[in-house]
Amino acid sequence: MDPAEVEFLAEKEMVKIIPNFSLDKIYLIGGDLGPFNPGLPVEVPVWLALNLKQRQKCRIVPPEWMDTDKLEEIREQERKLDTFTPIPSPYYMELAKLLLNHSADNIPKADEIRTLVKDIWDTRVAKLRLSADSFISQQEAHAQLDNLTLMEINTTRSFLLDSLNYMYKLRSNLQPGRSQDY
Amino acid sequence: MPCERKPMRYGHSEGHTDVCFDDEGKCIVTCGSDGDVRIWESLDDDDPKSINVGEKVYSVALKNGKLVTAVSNNTVQIHTFPEGDPDGILTRFTTNANHVTFNSSGSRVAAGSSDFIVKIVEVVDSSQQKTLRGHDAPVLSVALDPSDEFLASSSCDGSVTVWSIESQTQVAQWKILQKSSDVSNAKSLCRLAWQPRSGKLLAIPVDLTIQLYDRNTWTHVSTLSGDLISQVVNVVVWSPCGKFLAAGTIGGNLLIWDVEAKLCIERQKHEKGFTVCGMAWHPSGGRIAYTDTEGCLGLLEGVSSLSSSSTVQKTNDYDDLFDEDDDRMLDEGMSDSRSPVKKPIMEDDDDDDDLMPATGRPRNRGSFLDDDDNSQGMSTLIKEEDGSSAILPAVGPAVSRPVYEGPMPTQPQRAFQPGSTPVHLMHRFMMWNSVGIVRGYNDDQDNAIDVEFHDTAIHHAMHLTNTLGHTMADLSQEAVLLACEGNNELASKIQCLHFSCWDTHKDWIVDLPKGEDVRALCLGQGWAAVATSALMVRLFSVGGVQKEIFSLPGDVVCMAGHGEQLLIVCHRGTGFDGDQALGIQLLQLGHKRRQVIHGEPLPLSRKSYLAWMDFTAEGTPCCIDSEGVVRMLNRTLGNMWTPVCNTRDSCKSKSDHYWVVGVHENPQQLRCIPCKGARYPPTLPRPAVAVLPFNLLYCQTTTEKGQMEEQYWRSVLFQNHYGFLSSSGYEIDSEGQSRAEKEQQELLMKMFALSCKLEREFRCVELAEMMTHSVVTLAIRYASRSRRMALAQRLSELALEKASQCQEEEQEEEEPAYQRLKSNMKNVNMEKQKKLKKKRNLSVEFFFDDQITALYFLCVTACVTASREGRVNPFKVRISSSSPAGQPRTTNVLDSMTMSSRKPAPISGTSKQGKAPVLKPLAPKPKSKMSASKGNSKKLEDSQSEAEKVKPAPAATPPASAENIENRKPKTGFQLWLEENRKSILADNPDFEEMDVIKEGMGRFRTLSAEERLNWTERAKGDSDPKKRKREDEGQVDEQMESNEGSTKKKKPLDTSAKLSAFAFNKE
């Protein structure tokens, strides 16, 4: 899966916007949106929010978790624990990237949030790598990883699967006699 | 109590604080453990000036524009006052100073430090220092004698020492305090105080008492105490006049003594019982400021009024108490039981530490009990109690002065712009309404106004420099209106930015006459209104033409405009006990100018003021008081105010509020901004609007019934605006209106079904009265299907009334057409009557001879319908409408109704479909029948008392069975009966024409019981020609088939009722 595809999925997440135009309900295959009243928050998918934002038709209200205090807490938690902590949004990385890139002016302390999200991401990906490493080195047959987001899984999937395949091949070549063990 | 304790307010972060007044008493100056010195204009000052002087400030003193602070970096600093610029370091210690104080002239500063040293420094030349060494523990407090001769200091070593400043030697020393190791462990701050002016007495807080020492002899002269004090005294201060002494204790007690009389004249308790650690007496003596260890600032007002009260002399001989000073320590041990806060001796309670962990400043602590302090503890205690008991009665007269105790007038609330935040804020919303936001910035760099529109289609955002200093604003789709109050040089101005103007001059400015200030303003459609301090309202056109002016009965509070409506709220008089007395006027400008509301009182919650007042988006006045109750004008209830919501109900915490920005009726939305811990939102970060639902304050909204009632009345209330809008010539959303009506009727039907289930039949009828005609028929069906015949009967009567009302309404609408109808019915117009007779003959030929009489009426109605509608063949109509309806003998209205309402689907049988043409022709017939039966019922009593009249209530008629029978055996039963009874009818009413006879006959026949009717039909069956009957039956069956098409299954009553009830309850 391409990261762009994951991002595409993330764009289906709902986000609150404050439109500056008036429009009746719009009826889409995915569901009805609106009505849009100027000045009144309304929930729309991220793709529409960004589109409207780019046309300067709305202000985006950042999701509740996109707040320095909350993210700091999560970061601390993430650093403290060995396992993955539950993340407020399954698309936190994608949403943070999309919203911060397109509507940083509507998000208070955008730079801090960017750093914090990056920190959380780094911590989690490091953990993921570490666990993959121990998984391989201990030659485990299965492992359980909770609270991973799609993007995180996606970053490691192709590499991990390929390398496991290779290793399997190498091992079975190396020890043809004992390949049945696996 | 004569003096008033103002509520505490947050001053500093938790920890030790100190307070003083400036020389004139204009400002209160506080310091705290957050390292700030704050200068408060008053207790209500929301924006005190803050000067950061260090990490922590232990003590502050102010004199002659010099602010001296003892700071945690071991220095004593000077700042200028009130500017707060640093003015150098006065002196340094090896550790922090605990207390600084000025002498009376302000030339010297004394400071006592934790390094056991007391220093006296000249303010002008800090090199001239005098150092007093001799204490063996940290110095708690220092006090300079008014005549600059002596200095008193208290220390943790348990001693209070008086020093001669000149010689820097100890003059006197008393070991009266408890020893402690550090300031943080000391029981009391032991702030000393010399009597002002003479300096004759030195007051020392010693444990639970205050001891006074004489200056000349250095002997103990008296003790101020009493059982009023239950905790260790922390701070003492003299009044500027030197007559009174105020003390603050660990547990938050504030006491004031008349020193001469040794009377405790005032006693107040800190509202939360926190330790008082700083006190200052206002230079005029009227008030005392105090701070506590939680960083809060409080004020006692009206202290000066005490001075007159304490005249009673106390003649206790205190000489025998003279030696008690050595006994204090033991006393304290014994009095532990009286002071729960205090823990004995060394067991330092950790809870206390938690209270003020940041500072570790002196407070209520256990301390060392000196072994030698024990001699006469008991006796002292007893004496003390004697003293206090002697004092107590003396307090009486002070309290029982004649005081006005009636209701106190309320400060009238000031004028405000709805949707604005207070003027004193630097960044504020000047207006937030449904159109946009006007923000005002008034800080050092900038004085500007930002106008932003919710809908950018109206206009782009604007940024204006606010050179005139506008404080009021309103915003509409056409213009921005700004206004400022005048000052000595400049008159009050109104500025209007008319951005929708099509010429090039988009703004205009108007000066008000000298001395007249704008108080409130608003914009409507094409006009602007300004209320001024001269109790006048000035109207302008939006282009700047001056229009009407008129006077107001009182000071304006706020105004609002919408379309052509102007709403003015002004004071009607003085409110009492926290209530406001507001009056409201609603004016209709535009073409038909009139006053809709004439200054009636505006209802508000108790002890609240008006917080917001505006029109809803649909144009209904709406107000919100400070208690968060939203009220809306109910135009259909004589312009009364109905509370529709309480915003405080949705608040999570007590200090949260909702700041309302708009009310919409369709959809029902209360748009507001949630404010955490405040009444107003800050401008940054940009607050987000939330939507609250309305909730009428109906009883028992937890039950189904209550919920539905609330929903129904809410729907009715929020639908009122349709009527208003259409009556004032606006276009209305008719779809929305019919949707609302449908919703209401559905709710009524649900309630009806619920009451039916609960067997509340009377209530059912009450509900049915609120229904529209067409829904009543549905209700009748429901009732009959659930076998409530009495109810169905009553409902059918009700339906008739409703139908006649309907008819009357229609008559009003289509006057000429109905005129004819009416005359037909009443046989006033003979010509018409004849015409009708012809028609009847025709119809008779078309049908069967022996049916004429019974059919007659239906024919009439059918004809009328035909003539009214102008295109329908009367015969056609007659056939289709009459035959399926169980033929002319639809003696029970229920049947006809049921039949008629079969056509529309059961649910949609509301409002619009309900008025389907099927019903209309039927309506007049039941009406006349009704009137006939009603009008003659009395007379009938006699004639019908014959054998046939043993009938039960007519309601007992089981309509379903009757219907069936009648369908099978039509026409002839009534015919026979009528034949027999014609005579008696005619005998009763000799002047009756044939038509009236039939009418009468139908009425009577209806009242017969089912059995009797059955009898008649049986007889008719026997009598009548079988051939004819057969033909007739066939014909009828055919017709039925035709008209009912596939839906003949409705004949099974059980099935339908099951369906109906399923509908009613599924929807709930």
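Mentor: Just after α5 of chain B in this predicted model, B:Gly729 takes a positive phi of about 85°; helices here are DSSP runs of H or I with at least four residues, strands runs of E with at least two, both numbered from the N terminus. This α5(B) covers residues 720-727, and its buried residues (under 20% relative accessible area with a 1.4 Å probe, protein chains only) are B:Asn720, B:His721, B:Tyr722, B:Phe724 and B:Leu725. Those buried residues pack, with contact taken as heavy atoms within 4.5 Å, against strands β43 (565-571), β44 (582-588) and β48 (629-634) and against helices α4 (704-717) and α6 (734-757), all of chain B.

After α5(A) comes A:Gln139, whose phi is positive, near 50°. The axis of α5(A) comes within 11 Å of that of α6(A), residues 150-174, and crosses it at roughly 20°, which means that the two helices are roughly parallel (under 35 degrees). Across this pairing, residues of α5(A) including A:Trp121, A:Leu128 and A:Phe135 meet a set in α6(A) that includes A:Met151, A:Leu160 and A:Met167.

Local features need pLDDT of at least 70 in this predicted model, side-chain atom pairs count only at pLDDT 80 or more, and totals for chains, interfaces and linings use all residues. Side-chain values use heavy atoms, without hydrogens and water, residues are numbered from 1 along each chain as its sequence is written, and chains are lettered from A and ligands numbered from 1 in the order in which they are written.

Methods: Buried < 20%, exposed > 50% of the residue type's maximum accessible area, 1.4 Å probe, protein only. Axes fitted to C-alpha atoms, helices over the stretch in contact; angles between N-to-C directions. Parallel < 35°, antiparallel > 145°, perpendicular 65-115°, else oblique.
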